[in-house]
Amino acid sequence: MVARAVTPTHASLRARVAFVFAATAAIDVFASVLILIFERNAHGTQITNYGDAVFWTTTQLLTVSSQLPNPISTPARVLDVFLQAWAISAVAALAGSFGAFFHKRGIEQHAAEADGPHANFAGPSPEDRS
């Protein structure tokens, strides 16, 4: 039977994922309000209510785009660029976080195996930390 403990490595990954999720949710709400303000009176826009704004903003943050056309007003276009940059950065940060997690867990598991099958692993040795 394998004992599963929450290590500092797990806690670090969990904190990073939670931060990216919370920050993205906050950006989604705030950007939806801004898009509605910028676009609701623009001639030819299809973003005319908060539901449209939330849908469009969320799809931009999910990096999938929507069937709604891109914004028409200049401030909304600038916001669109920011949303796309955030989405790409969030995906890259999460990929890096998972890569770092798996690398660190591999080091921890290797050290635990070296100490024996019943060793209670508390972290890397001082030599491994440098």
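**Exercise 1.** Find out how many aromatic pairs the structure holds, and work out the geometry of Phe101 and Phe102.

Step 1: The structure holds 2 aromatic pairs; rings of Phe, Tyr and Trp (its six-membered ring) pair if their centres lie within 6.5 Å.

Step 2: Phe101 and Phe102 have ring centres 5.2 Å apart, with planes at 70 degrees, so this pair is edge-to-face. On that scale, planes under 30 degrees apart count as stacked, over 60 as edge-to-face and the rest as tilted.

Step 3: Phe98, Phe101 and Phe102 make up one aromatic cluster.

A word on the source: this is a predicted model, in which local features need pLDDT of at least 70, side-chain atom pairs count only at pLDDT 80 or more, and totals for chains, interfaces and linings use all residues. Residues are numbered from 1 along each chain as its sequence is written, and side-chain values use heavy atoms, with hydrogens and water left out.

**Exercise 2.** Decide whether Phe101 and Phe102 are buried or exposed.

Step 1: Get the cut-offs: buried means under 20% relative accessible area, exposed over 50%, partly exposed in between (1.4 Å probe, protein chains only).

Step 2: Phe101 has 11%, so Phe101 is buried.

Step 3: Phe102 has 54%, so Phe102 is exposed.

**Exercise 3.** Describe how helix H1 and helix H2 pack.

Step 1: Locate H1 at residues 8-39 and H2 at residues 50-61. Helices here are DSSP runs (H or I, at least four residues), numbered from the N terminus.

Step 2: The two pack at an angle of about 135 degrees, with axes 8 Å apart; axes are lines fitted to C-alpha atoms over the stretch in contact, and angles run from 0 to 180 degrees between N-to-C directions. That makes H1 oblique to H2 (under 35 degrees is roughly parallel, over 145 roughly antiparallel, 65 to 115 roughly perpendicular, the rest oblique).

Step 3: Look at who meets whom: residues of H1 including Ile27, Asp28 and Ser32 meet residues of H2 including Val54 and Trp56. Contact means heavy atoms within 4.5 Å.

**Exercise 4.** Which residues does Val54 touch, not counting residues up to four places away in sequence?

Step 1: Find Val54 in helix H2.

Step 2: Val54 touches Asp28 and Ser32 on that count.

Step 3: Check the spacing: the C-alpha atoms of Val54 and Ser32 are separated by 5.1 Å, though these residues are 22 residues apart along the chain.

Step 4: With a relative accessible area of 29%, Val54 is partly exposed.
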